[in-house]
Structure formats: structure tokens, C-alpha cells
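The sequence and structure are shown first.

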Amino acid sequence: MTRYSDPARVRILDESPRDECGVVGITGVERAAEQAFLALYALQHRGQESAGICAIHEGIGRLHKRLGLAAEVFDGNVLKDLVGDTAVGHVRYSTAGGGQLANAQPIMVRYSMGDLAIAHNGNLTNAQDVRSRLVKEGAIFQTDSDSEVIIHLIARSRHETVEGQIDDALTYLEGAFSLILSVGDTLYAVRDPRGFRPLVLGRKGDGFVVASETCALDIIGAEFIRDIEPGEVLKLRRKEITPLRNLLPALRQAPCIFELVYFARPDSKIFGLSVDRARRAFGRQLAREHPVQADAVLAVPDSANSAALGFSEESGAPFELGLLRNHYVGRTFIRPSQEDRDFSARIKYAPVREVLEGRRVVVVDDSLVRGTTSRSLVNIIREAGASEVHLRIASPPVRFPCYYGIDMPTKEELMGHRMSIAEIEKHLGVDSLGYLSLEGMEEAVKEGGPFCNACFSGDYTAPLVDLDKGLIRPEDAKCC
Ligand code: AMP
């Protein structure tokens with residue numbers, strides 16, 4: 001099942017359309033699980049399918065994970081039982097492997113060195129290759145998740161120390177991995193050598209917090225220290241922090257630019273950049289590249305808000321709240337029989353007639369993927385009386401799937417792959433369409449690059465081993 005198997009349904013049923021995974025690790029902080037829960041709450045946009053926390057007390061791990069949002073999975077009683085000053089947490093949305101509880105994280109096992117828990121964000125591009133070799137050697141897998149291979153690699157390593165085992169395991173991995181591991185009550189934070197997915201380090205009191213984004217630090221009052229560097233492995237134990245090694249630091253770094261475009265929360269700082277500032281810079285650059293005479297600038301809320309503000313700042317046209325997003329469209333929304341083909345978008349977005357009537361509007365969206373939402377939105381805006389609708393996209397056309405942990409449809413389903421810009425303009429029924437150029441986008445965030453831009457350029461930095469060997473189908477090559 002891919003996320004986009006029924007786009008209308010997907011776009012509606014999810015409270016937030018974002019996916020991927022979010023991770024957090026805490027050590028040296030009293031009642032670490034409660035703090036991890038809050039952090040997961042802040043990272044909820046990165047995955048809404050399952051949530052889990054493993055709390056560690058005197059080396060013993062206790063795990064609770066379920067399908068659902070963090071607030072549904074945890075309550076006071078559950079958290080009370082998750083004792084300990086060390087915790088590992090995870091929120092997940094996944095395509096490959098489906099949404100079974102077995103694939104929820106953290107994954108916890110008992111092995112020769114004690115209780116081990118792992119939370120992984122990113123997608124390994126050689127997981128099937130490694131897995132099939134391990135299976136041939138007798139390994140038994142309990143999940144479909146690519147992250148489980150990491151556990152096997154650690155457990156089978158002949159090194160005598162945990163650090164040596166982790167080090168050993170990491171040398172087998174290809175692709176994207178921001179990892180938090182606990183062995184006993186020691187925490188390890190790892191970011192792959194290209195640094196695809198974000199991972200930040202913070203301090204709370206005498207202890208430490210590692211998380212996907214700084215919004216998870218902010219919610220628990222932890223102070224941001226720095227990004228975990230690409231290729232870095234940190235050992236964190238209560239008050240102590242020990243750098244272990246930098247993996248293959250000579251590799252070209254490739255933090256995912258789509259995190260800045262769409263995934264991360266705008267109040268976060270990742271890859272050394274403020275997400276809000278980056279999106280505003282995209283919006284300003286977009287206004288320079290595709291100017292248009294308009295009476296109002298609208299955002300497709302909420303993911304395009306910052307970019308639309310940037311567009312408005314640069315163009316001088318006022319930013320207006322012309323579209324409202326219904327935040328209560330829950331995952332269990334029941335679709336009544338409805339003939340209206342724009343129904344899905346109508347449930348989610350409502351036009352503010354007073355803002356739109358008789359006006360020339362610029363609608364800014366962060367990205368166009370399949371284009372289904374935009375087409376309906378344009379209809380809705382026209383029906384509300386707008387005299388002209390100009391669409392501006394604060395990123396280049398998405399033409400290629402992502403194999404490093406962002407859920408994109410297959411190439412054939414991507415509008416930017418199937419159609420030329422003129423065809424898209426016609427298909428969406430807009431008066432004009434403008435995409436941000438790749439050069440313009442990279443220039444806008446040049447202090448943070450170089451980035452992975454494979455979804456726009458097809459330039460895949462990490463080898464796609466499983467795909468190239470035919471071990472997976474392209475539509476299954478995505479995971480969190
Ligand atoms: P559409 O073009 O109808 O497929 O929808 C594109 C919109 O979905 C964009 O405006 C983004 O806000 C959002 N989006 C972008 N990438 C993703 C993704 N990987 N999963 C879910 N939504 C996404």
C-alpha cells in the first residue's frame with residue numbers, strides 16, 4: 001500500500017498530510033518518558049501512524065507502542081509505568097511494510113550486551129540486500145522494517161564493545177539513517193555520512209536530548225546545542241557526551257532540501273537553518289522569478305504559509321487569509337456519498353469569499369506532487385469569485401521519487417514528470433503558473449548546502465542498491 005494509492009482519501013483522512021518519521025532520545029532527565037512523549041507530540045507532523053517510547057531504568061527497557069497519534073497512544077498511567085531517566089521515542093508513517101504494529105518503533109530486543117532499543121528516521125537503500133544475506137545465515141526477522149537489519153548487524157558483530165558493534169554495523173548501511181539507539185541506559189545518536197535526515201542535539205538540565213527537529217527541544221525546554229553532524233556518532237550517558245567517530249567524512253553531504261520545502265515544522269531549525277526563514281527566502285525568490293500583478297497573495301495552508309509571506313514581502317501584494325484549513329479532519333473521517341469531484345479539497349480547505357471576490361490572486365503552494373489538490377483548489381477559489389488565479393510553487397517540479405525516506409508517488413504518478421509546465425498550467429486551469437527554479441532554490445539557502453535535490457533533479461547521491469539489484473519494486477522503495 002502506498003501513501004498515494006488513493007490520493008483524495010489520503011489527503012483528507014490525515015489530520016496532517018505529512019509523513020516520514022520523527023525520533024527522540026533523552027538521557028539524564030528525570031521521568032524521561034514524559035519528556036519524550038511531549039517531544040513526540042511536537043514531532044507528530046513527521047508521522048501519524050504509530051507512536052512508541054522505550055524507557056530505560058537501571059539498564060532494563062520498558063516499551064509501549066501502538067498505532068495512532070502520540071496523544072492517543074499514551075496517557076498518564078502508561079507514562080507512569082515507563083520509568084527511568086533514559087528514553088527513546090518514535091513516531092512513524094510508513095508506506096513500505098504497511099501500518100502493522102509489528103513495524104512500529106522503537107524496536108526493542110534483549111541481546112548479549114543488554115536491552116537494545118532503536119528509533120530510525122530515513123530509508124536504507126540496501127536493507128533488502130543486507131537482510132537476504134542475514135536470512136541466509138539464519139537470522140529471523142520479526143518486522144518488514146528496514147531498521148531491523150541494524151539490530152541484527154549489531155547483535156551479530158564480533159566486536160567486544162557496544163561501540164565497536166555499532167561501528168561495525170554502520171559500515172554495512174547505505175542510504176538515509178538518523179538513528180537513536182539505547183543499549184542499557186547509554187544512548188547513541190547516529191547520522192548517516194550524507195546527513196539526509198536532520199538530527200539535533202540539546203541539553204536539558206544536566207542531561208541531553210537528541211531529536212529530529214528543534215521543535216521537540218523547545219516543547220520540553222531543552223536548549224539547542226548543535227546539529228549532529230553527518231557521519232557523526234555520539235555516545236550520551238547521563239551527564240557525559242563522548243564523540244565516537246565520523247563515518248566516511250569525505251562523502252558528499254546531502255541534507256534533504258524537501259525537509260525545508262515541506263516536511264519540517266517552520267518553527268524548527270535544522271541543517272543550521274531556520275525552516276521559516278528558508279521558506280520565506282524561497283517565496284521571495286519565487287516572486288523575483290515569476291512576478292505577477294495581483295491584489296492578494298494566498299497560501300495553501302499551512303505548509304505554504306511562510307513561502308507565501310516571502311512572496312508577499314517581495315512582490316508588495318498583501319498577504320491575505322483567503323483559504324482556511326480545517327484542522328479537525330481526523331484520520332477516521334467517514335466519506336459520505338458525494339458526487340462533487342472537488343469534495344476532498346472542500347472538506348479540507350474553505351475559501352474566504354470576501355477576500356477573493358473580484359480579485360486577482362496569487363496562490364502559493366510549497367510543492368506540486370500529483371496536482372490533485374491544486375486542481376480542486378483552483379476551482380474552489382474561482383467559484384468564490386476570484387477574477388484571476390495565478391499559481392506559484394515554492395519549489396521546482398517534483399519529477400523523481402525519493403528513496404531516502406520521503407514518501408513520493410512513483411515517477412509515472414508525479415505531475416512534474418508526466419506533463420510540461422504548459423500542460424500543467426492548462427490542466428490546473430490557472431491563469432499562470434510559475435515554479436521556483438532549482439538554482440533559485442539552492443541560492444536561497446546557500447549557507448546550508450549542498451543539499452540532496454534528487455526529487456527535483458534525479459541526482460541520487462547514495463547508491464540505490466536494492467532497487468538496482470531488483471530486490472524491491474520502485475513503489476516499495478520507500479519507508480520512514
Ligand atoms: P498534490 O499535488 O495534490 O499531490 O499535493 C501536493 C501537496 O501535498 C503539497 O502542497 C504539499 O503541501 C503536500 N505534500 C508534498 N509532499 C508530500 C508528501 N510526500 N506526502 C504528503 N503530502 C505532501
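Predicted model: local features only at pLDDT ≥ 70, side-chain atom pairs only at ≥ 80, totals over all residues.

In general, the strands of a sheet pair through backbone hydrogen bonds, in either a parallel or an antiparallel manner.

The pairing of strand 5 with strand 6 (residues 114–121) is antiparallel and runs over five bridges, and Met108 stands opposite Ala117 of strand 6.

## Nonpolar cores

The largest nonpolar core has 51 residues, and those with the most contacts inside it are Phe258, Leu260 and Phe282. At least two residues of this core come from each of helix 9 (257–263), helix 10, strand 16 (296–299), helix 11 (305–315), strand 19 (360–365), helix 17 (438–444) and helix 18 (454–457). Not counting residues up to four places away in sequence, Phe258 touches Phe263, Ser367, Val398, Ile406, Met408, Cys455 and Phe456.

Apart from this core lies another, of 30 residues, among them Val29, Leu40, Leu79 and Cys215. In soluble globular proteins, nonpolar side chains tend to be buried together.

## Cysteines without disulfides

A search of the whole structure finds zero disulfides. For Cys215 the reason is distance, because the closest cysteine sulfur, in Cys21, is 15 Å from its own sulfur, too far for a bond. Cys455 is likewise in no disulfide, and the nearest cysteine sulfur, that of Cys256, is 6.4 Å away, whereas a disulfide requires two cysteine sulfur atoms within 2.5 Å.

Cys215 is buried, with a relative accessible area of 1%. Cys455 also counts as buried, at 8% relative accessibility, since the cut-off for burial is under 20% relative accessible area.

## Glu213 and its surroundings

Glu213 lies in the loop between strand 10 (207–211) and helix 8 (214–219), and at 0% relative accessibility this residue counts as buried. Its side chain is joined to that of His45 by a polar contact of 2.8 Å, and the side chain of Glu213 also reaches the backbone nitrogen of Arg265 at 2.9 Å.

Leaving aside neighbours within four places in sequence, the residues in contact with Glu213 are Leu43, His45, Arg46, Val200, Phe263, Ala264, Arg265, Ser268 and Ile270. Arg341, 128 residues from Glu213 along the chain, has its C-alpha atom 37 Å from that of Glu213.

## Gln285 in helix 10

Gln285 is placed in helix 10 (residues 275–289), and this glutamine is buried, with a relative accessible area of 15%. The side chain of Gln285 makes a polar contact of 2.9 Å with the side chain of Arg288. Not counting residues up to four places away in sequence, Gln285 touches Leu436 and Gly440.

Note on methods
Residues numbered from 1 in each chain as written. Heavy atoms only, no water. Buried < 20%, exposed > 50% of the residue type's maximum accessible area, 1.4 Å probe, protein only. Helix = DSSP H or I, 4+ residues; strand = E, 2+ residues; numbered from the N terminus. Contact = heavy atoms within 4.5 Å. Polar contact = N/O pair within 3.5 Å; in protein donor to acceptor, adjacent residues only side chain to side chain. Pairing = 2+ DSSP bridges. Core = buried A, V, L, I, M, F, W, Y, C linked by side-chain atoms within 4.5 Å.
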